[in-house]
Every structure is written in structure tokens, then in C-alpha cells.
Amino acid sequence: MKHVDMKDIQPETAERLSGLVGDFVGQGQDYYRRVFAYMMEAPGFRFTFNFTAGLLGPIWFGARGLWSWFLSFMVLETLAWIQIGQGLFGDLGREARTRADQIAQTLELRRQQIEAAEASGSGSLDALKRAATSLENAMAEAQATAAAADASGTVYLIVGIVLLLAVKALAASIANWTLEGQFARWRSDRSVASGWSVPRMLVSIAVFGAVTILSTIKFAQPDAIGLLKQFPTNRDWRLNVGDGIQVAFDWTKTAGRGFFDGLTYGMRTLLDWIEVVLVDTPWPVVALVIVMLAWLSAGPRVAIFTGAALAYLGLLDFWEKAMTTIALLGAAALISITLGIPLGIYCARRPKVFAVVRPILDFMQSMPSFVYLIPVVAFIGSGKPAGVVATMIFGSPPVIRFTVLGLQQVPETVREAAMAFGATPRYLLWRVDLPLAHKTIMAGVNQTILLSLAMVVVASLIGAKGLGEDVLEALQYAAAGQGILAGLAILFCALILDRIVAGKR
């Protein structure tokens, strides 16, 4: 907050500021007027001590609407109360006593075996006696550890009290500073929480009490409340829900057989065309075209690197699999970009549509990539088409998000100027919006391509060919050397595509 010298403030301004402080703080107006005046005399943090905040701790911050500080001090005080609870009534030697009981059961079994061996004259009697002696020593050690742990309750109690006092002193020291910052924000935005709110105080008491009491009981007496050890559930619930989802999958697969067959055919056809270009075309032609594309897009240095990377792929017998990988990636990225950019343009101009699409994109990006394989295999089956669909789902969100972001960042003044000169909506899109958002959209295209390439290894689990197979085999047979070589091949493919797409030319 900007430093304000109270000596330079005119009486009218000082009186108005004093009135604002009173309106903001509610209770304790005289105290906070003096404190705020003292704190505003110099920039930065000035030490004050709020005894009420120190006494109430998190409850004071919650009642004042400082919820982030409420959570921080609630965690700190809860840690202190856990130590105090363990010192007062904690079962500190529980684990050691449990271990001693387990050893005692094993020892009893050994003693029975010794009696049986003595009766039968078995030759294993000496070994059994040595094992029993070792168990007796281990049980005595566990019992001694349990007794020492039980005797350390005073230490826990002292540590907890010291920690609690330190946390309360810290809360009292920074309470006025945090409230003054809240006051500065409130002056420019009256929606900021102000005053001492009884409902906020009650919520703070309930949350702080529940967290502190339950945490202290759980750590001090783990077996006291069984509900705290495990979430109440029933395994049959998950089984029933899973069976219901399976029924829905089966029905969808049967009802949409024609759609899924058509989708599989279309994916396979597109993939076959791309593989004809990359795999069946003579390798010198493909390599020359890629190097020239790199030179035209990013310059001679990237072209030299591309040539070296392609040589690595060829000399180590990764060429065909690399081209198969790029074909799978190309098919998925082509579909993602072709559908993603128009969808991003539509969402950028219709916020209500984007409000519906955004949670779907969040779901697509948050869901682990392996989970995508389950419905894809269920509806499409295994193989390359399934790999293309899974890769497309995983890589589509960036291009949509970046397209929306790029178009939203177009200055509104530029658009208004174009419309003032009679620009039609189509002209505005193609001549104004897209050129200005071009860099952001291309960044989304780049991210889509790289994320699609990241699915190569995962897609190999469902039969998609390519470099992912070599990495998967290396994992299965612990062939570290072959796995590193295949990983470098994937890396070089990613770098080539990244440099070409991100090229400034």
C-alpha cells in the first residue's frame, strides 16, 4: 500500500479517513483508528500487537473475513493442539506394543514347536531355541520402546504449548497488518469483507473446532473413533455402479455400431494415406522434404539439426517406426486442429457456449491418459484407429483454449476501428482477428502436436504401432539401452516438429 504521512493529511481528509476506518472495522473503532494511523506513518510493516487476535487465533481472522490467514493459522494451531493432545492422553507406545504383541504370538508358536521337538527328539531343537531367544529379545526391546514412548508425553506437551504460544504471538503480531491491507482493498472495492461478522465467526468456530478436535483425537487415540480411521463406504456400491456403467457401454456400443464402424473406417483411411506418404515414399525423398521444410520454416541451423536427427533415426533402424509414429500423430493432430480452431473461434465469440465447453476441456486435460484407453477400446477396439482417437482426445484442448485466448486478446479498439470503416464479420475475422491472434493460435497448435506425441507410448498399449512399441518392450524386458535409444528417437521427432511449427518464417 502506498505510504501516507498522516502529518501531511488535511484535517478534513484525516477526519474522512477516520470515518472510513470506523465503517470498515465495526467493533473496536477507537483502537483501530490509532493503530492504522500509527501504521500509515511509515511504509512497510510496522510492529503492533493485537491481543484479541492472539487470543482467538484463527477465529479472529475468520470473523474479519481474512480466510486465507484463517486457514494458515488453523493448520498451525491444529499441529500445536495435536502435540498437546498426544502429551496429555496420547497412546504414544501403541505401535511398539502392537509389535510386541505380534512377537509374543510368534514366540508362543515357537515354544509349542520346541515342546513338540523335545517330545519327538527332533534335530531342529537347537535352531528353534535360538529363534525363541531372538524373539524374546525382540519382544523385550519392543516393550522397552513402548514404555519409553509412553514416558515421553511431557515432551510432547511442552512442545505443543511452546508451539501454540508461538503461533498465537505470530497471529497477534501480524493481525493489524493484514487488516490494514484488507482496509486498503476495501476502499477501492466495497465487495471486500469488512467489519466483525457474527455468522463468519460462528463458521470459523465450527470449522476450527471440528478440525482441531477430530485431528487431536485421531493422532492421540487412533482407535477411539473408528469412523475417523476409514471413510464409511460399502464395496457393493462401487460394484453396482460399475455394472451400471458397463451396461451403458454395452448399449451404446450396440446402438452406435454404425457410427463407430464409420469412425474406425475414416480413421484407418486417413492413417493409410498419411502412411503412404511417409512410409511407402522413398526415404531420401521424405528426408529431403522434411529438411527443406525445416530450413524454410526455421532457418539453416534447424535444418542441420533436422538432418542429423533423421540420420539418427535411419542409422539405428528407427526410420519406419518413426514415420509410422508421425503418421499416427499427423492424423490425430490434423483432426484436432481442423476441429479445434473453428470450435475455438465459435467459443471466443459466444461466452455462454465456452462456459459449457470449458468444463469438458478441463475434464479432457485432467483425466489421466490411460483412462482414455478404456472407452476407446470398448467402442472402437484396439489398433491404430483407437490410438488416433485417444491421441486426438488428449491433444485437442490446447488448440481450442489458445484459439479462444488469442481472439479474446485482440484489442477491442482495433475491432471497433475496422467496423467503423465498414468491415463485415467475415472480413473482421479473416483480416483482423486471426492475424492478430496468429501467434497464440500457433502456440496452441504446437502444444497439441507435442501432447499428441506424448501419447505415442500410451497408445502402444492398445496396439498402435510405432516407436512406442520399442519403449514398451524395453520396459517389459528391462532393456535399458534399447529403451533409451527409442526414447531419444521420440525426442528427436518431437524436436523436429516443434522447431518446424514454431519457426518464425
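I looked up Ile84 and found it buried, at 7% relative accessibility (buried is under 20% relative accessible area, exposed over 50%, partly exposed in between, with a 1.4 Å probe and protein chains only). The model is predicted: local features need pLDDT of at least 70, side-chain atom pairs count only at pLDDT 80 or more, and totals for chains, interfaces and linings use all residues. Residues are numbered from 1 along each chain as its sequence is written, and side-chain values use heavy atoms, leaving out hydrogens and water.

I placed Ile84 in helix H5, residues 67-89 (helices are DSSP runs of H or I, at least four residues; strands are runs of E, at least two; both are numbered from the N terminus). Not counting residues up to four places away in sequence, Ile84 touches Tyr156, Leu157, Gly160, Ile161 and Leu164 (contact means heavy atoms within 4.5 Å).

Next, the aromatic rings. I searched the whole structure and got 20 aromatic pairs (rings of Phe, Tyr and Trp, the last by its six-membered ring, pair with centres within 6.5 Å; planes under 30 degrees apart are stacked, over 60 edge-to-face, the rest tilted). Phe24 and Phe183 make a tilted pair, 5.3 Å centre to centre with 55° between the planes. This pair joins distant parts of the chain: Phe24 sits in helix H1 (residues 11-25) and Phe183 in helix H8 (residues 153-188), 159 residues apart. I found both Phe24 and Phe183 buried. Ring pairs also link Phe24, Tyr31, Tyr32, Phe36, Phe183 and Trp186 into a cluster.

Last, the cysteines. I counted 0 disulfides (a pair of cysteine sulfur atoms within 2.5 Å). Cys347 is buried at 1% relative accessible area. Cys493 is buried at 1% relative accessibility.
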